[in-house]
Amino acid sequence: MTVETQTQGRSETAAPVAPAIELIGVSKSFGPVQANKDIDMNVAKGAIHGIVGENGAGKSTLMSILYGFYKADAGEIKINGVTTEITDSHAAIAAGIGMVHQHFMLVEPFTVLENVIMGAEDGPLLRPSLNKARKVLMELAAEYELDVDPDAIVGDLSVGFQQRVEILKALYREADILILDEPTGVLTPAEADHLFRILENLKSQGKTIVLITHKLREIMAVTDTVSVMRRGKMTATVKTSETSASELADLMVGRHVLLEVDKSDAEPGETILEVKNLCVTDFQGVKKLKDVSLQLKAGEILGVAGVAGNGQSDLLNILGGIEAADSGEVIMKVDSIDLSKKASAAMRRERGIGHVPEDRHALGLVMAFQTWENAVFGYHNNPEFSGKFGLADQKVMMEDTKRKIEKYDIRPTNPHLLAQNYSGGNQQKIVIAREIENNPDVLLVGQPTRGVDIGAIEFIHKQIVALRDEGKAVLLVSVELEEILALSDRIVVMFDGVIQGERMPKETNEQELGMLMAGVDPEASA
Amino acid sequence: MNKGLPKWADIILIPFLSLMLAFLVSGLVVMFIGKDPIEAVKVMVSGALGKYGIGYTLYYTTSFIFTGLSVAIAFHARMFNIGGEGQAGIGGVGVAAVLLSVAWPHWTIAIIAASLGAMAFGAAWAAIPAYLQAKRGSHIVITTIMFNWIGSALIVYLLVGPMQAPGMVPETLGFSAGSSIPTLHDIIPAFDKHAPANVSLFLALFAAFGVWVLIWKTRLGYEIRAFGHSEKAAIYAGIKPVKIIMVAMLVSGALAGMMAVNTVQGEAERLILDTVQGAGFVGIAVALMGRSHPVGVVLAAFLFGILYQGGGELSFAMGIPREMIVVIQALVIMFVGSLENMVRIPVERMFVRFNKGAA
């Protein structure tokens, strides 16, 4: 059956044919929010088409309509030139559309085979389906560099392999059109490169690929055409070869943005924070940090690169007082810091350590709190906020919040708005404002621009550099190599709980850092 | 959360419509068993709010305010304290212990002492499940409900053993005359002489005010709310979970215990069996309906007071079985608590359409 789809694909690339996907005037609103406004889009058969746009621009909504999760209020969808009513995901699969979600839809304790056939079993007995799937999987693996052990438990696989399972699932269902939603967010550069090779292979076999991403570099590298979305509208569709990353960025934001961070050379002072032989084990007994040592100097930004889950989060959490360490020592200025279970984040703040957490939704903000409550979160016991009779002085808190809203250009400016009603960028500005305005000596920053729109990224980067220029120390953890390279004065790479190497940003590049992130030391192997 | 919904619609219109729906369905049920629903409403309202009934309605209201606040404050810390029944019962033991050990000269001193006893015992009964939750992660729902049974067994033991008055009845001696608190009739003669509502109603209203201040005006309340919304965020902010769980549950237990001032000191004037009579569980419904806000809790407690008292009248005057009242109460809880979105979503749509039309 896979053979069928391939021959079909081959024959149709030759002659001029109807586009694989054609959207005509698609609109969708959620209550008063217009998520998609009159979208027209054409994706040629056998092309890799990119869709870029800031968070909330309507990319995911559009793809959800295409995959049958939402029903469009108006408009028409044509698949291979035929008007198609996509009422649910079954209809989408029947129309040859497969989707690889940002968050994988896999059953972790199941094997690869079991996941692949799930929902596509041929009969009440599993054995025949499994045998068939095994054969198909072998063929696909050979054809597209999609090799995965069919009997491996999905939960044991790395994210890169899990993603391949998702792609295999779609191909097993004979998808001709593959939609990938932010596929590289969790991958190392090497894994991402492999993914792009797979996509090229799929393309050469006549499959059509829609790639949703906010990483302009990837768009430039792999797509043939690219559509830009802004505020629910499709603002432009261009050939990739005829545009540039900075032009796309301007189209996304609607004004000119600086992709480079404008900063002077660092003037590092004395060591302010010294981490020695830090070790920690998680509740499952996995060693997350193994003898990690590093030094952080005043007036520098130390970037910590690494694929998510290699110990960076634990490092941040221990320094931030959220997690206890098994062993090791952290010295701030001259005194050591309490790393035991008795310590709390409040004690860290008293010592002058601010923390912009990696996950602002779960940690940095209380989503159901108003801005003024979030703007003092963690600092609510500061003496300036204590009022009469032991009550909180909400007037002072409110004034303090209004100052932060103005200085950090937080929009909307209403101090009573709930955190959940802000855009990602403005939420992050609330956190950044709170932590920087409390004047820390050391600022821990995790994924400062994750889920943040380009305009706000520029602003947040400026704030971090400004803090450094005041002579404060910044420990920056990010999975975005571009961000690490642009902001850091010094870079360490973490892999599997150890510091795999240290580089100066001017003397390294993404390839070298990418190898370190994958646990390979290019110098040692050379 | 409230997409373009004005605040008044959120806190008044939606509960009101839900309540009306509940009554509508209740009316159908009454009709189904062959009684006149209009007549039933009349009997309920006059039975609960008439000169005689109001004294009972307010008596129930007092108990429900205490237990409702108890559940509400625990809710704010995302603790589901369903042990109000046991905490209120043990609070009664505290009241009896205090009032039996000293011959109090005047009710004003006695009510303060009894309140302290009620709060201390109620809090102590909540403290064990709270500690187990905070330190050991034993689920508070399981432990508090177990403690209801342990508490009830303990009271039986006390009333047939150490605290029993001479004789065969499982009760303590009567409290001394000096500890008898005034009923509402003693203050306002318009209330019926036999109605049990008493000055502890004012304590309940004061407690509601106190809870409001605690939750929305103090830093402790801020920490409780932060913890309740997100434990992870609270830890990030340096708030200690153990402290919040303990404080919230101790206050919760103390509030539940306070109910005994109304029932044990105010009405029974001695400790007898089964003084709580399900008020601990009604408190859950009251807190749900009152959205864990003290004003909402007071209003919901009054509504449930009416349902309790009016329901009694209904079985008395119309021969509608008492179980019907439980059905009506369940319908109210169901519509106001769990089926809220059934009303909320159409109302939201209506407002969106209305706003679009205006714009």
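The side chain of B:T172 reaches the backbone nitrogen of B:L271 at 2.9 Å. That is a polar contact: N or O atoms within 3.5 Å, where within protein one must be able to donate a hydrogen and the other to accept it, and residues adjacent in sequence count only if both atoms are side-chain atoms.

Ground rules. This is a predicted model: local features need pLDDT of at least 70, side-chain atom pairs 80 or more, while totals for chains, interfaces and linings use all residues. Residues are numbered from 1 along each chain as its sequence is written, chains are lettered from A and ligands numbered from 1 in the order written, and side-chain values use heavy atoms, without hydrogens or water.

Back to B:T172. Its relative accessibility is 1%, so B:T172 counts as buried (under 20% relative accessible area, 1.4 Å probe, protein chains only). Its contacts (heavy atoms within 4.5 Å) include B:L100, B:M163 and B:R270, not counting residues up to four places away in sequence.

Now chain A. Domain 1 covers 2–253 and domain 2 covers 271–525; the bounds come from an automatic or database assignment. Their centres, over C-alpha atoms, are 34 Å apart.

A:N55, A:P189 and A:R217 supply 41% of the area on the domain 1 side, more than any other three residues.

Salt bridges next: a Lys or Arg side-chain nitrogen within 4 Å of an Asp or Glu carboxyl oxygen. The interface has 3. A:R217 also forms a salt bridge with A:E510, closest N and O atoms 3.3 Å apart.

Methods:
Buried means under 20% relative accessible area, exposed over 50%, partly exposed in between (1.4 Å probe, protein chains only). Buried area is the accessible area (1.4 Å probe) that two parts lose on being put together, summed over both.
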